[in-house]
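Colleague: I am new to this structure and would like to go through it with you step by step. Could you show it first, so that my questions have something to refer to?

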Amino acid sequence: MKQILWNITRASLLTLVAYLALYAVWGAILNEVENETLQLFLVALMTTAAFGLFLLYFSKIRGGRGDDEIMEDYRDGTPFSFAADIMRVVQREKTVLIAIAVIVLLCFALNTFDRLIFEKKTLISFPTFFFAPMCLFSEAIPIPFVGYAVSAILDGAAYLVCLLIYRKKKYQYWMMNRK
């Protein structure tokens, strides 16, 4: 569990750095979009996708853990199937998905506490800054809990999609080189 939290934290911090570094580029590109809510939604979507990629890197690619899991799952030469792989991945990654949801919901609780009690940001909600990339839909969706819930769902979905694509590409690579 400690490793999962560390991977999520590193992915979130790297996403935050990327977000800050690329904000000018994204802002210039999205400047053509006149609807501010749509702009926020698109930035949140891009940031969520980046978080999924970074979490994939820290969880599976770095250290080769993902390769080992694919080898274990397809050792007997079973043909790759997205439907079957989704079930394997969700079962294996349920702790990561739960951890993502818990972190986003804790951010919601801390930010809501500050907003209701102090009516401004205080040190109580300071730790949420490090997980801000995981909660960006809260800015795009005006109903706070809904925004955080959407963030939690899409963060997990982005990670799963990145992981499934990675597993498919690795499987194809091994099957081509096997012959």
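Colleague: Among contacts in the chain between residues at least 6 apart in sequence, what percentage join residues at least 24 apart?
Modeller: This is a predicted model, in which local features need pLDDT of at least 70 and side-chain atom pairs pLDDT 80 or more, while totals for chains, interfaces and linings use all residues. Residues are numbered from 1 along each chain as its sequence is written, and side-chain values use heavy atoms, without hydrogens or water. Taking a contact as heavy atoms within 4.5 Å, and looking at pairs at least 6 apart in sequence, the share that joins residues at least 24 apart is 73%.

Colleague: Which pattern does the chain follow when read along the sequence?
Modeller: The chain has 6 helices and 0 strands, both being DSSP runs numbered from the N terminus (H or I of at least four residues for helices, E of at least two for strands). Read along the sequence, the chain therefore follows the pattern α-α-α-α-α-α.

Colleague: How many residues apart in sequence are the parts that the pair D85 and R167 ties together?
Modeller: The side chains of D85 and R167 meet in a salt bridge at 2.6 Å, N to O, the term meaning a side-chain nitrogen of Lys or Arg within 4 Å of a carboxyl oxygen of Asp or Glu. Because D85 lies in helix α4 and R167 in helix α6 (residues 144–178), the parts tied together are apart in sequence by 82 residues.

Colleague: By about how much of a helix are E69 and R65 separated?
Modeller: E69 and R65 form a salt bridge of 3.2 Å, N to O, although E69 is buried at 9% relative accessibility and R65 is partly exposed at 42%. Because the two residues are 4 apart in helix α3 (residues 65–73), the separation is about one helical turn.

Colleague: Which residues are linked with E69 in a network of salt bridges?
Modeller: E69 also forms a salt bridge with K60, the closest N and O atoms being 2.9 Å apart, and both of these residues are buried. A search of the whole structure finds 6 salt bridges, and the network links E69 with K60, R65, R92 and E93.

Methods:
Buried < 20%, exposed > 50% of the residue type's maximum accessible area, 1.4 Å probe, protein only.
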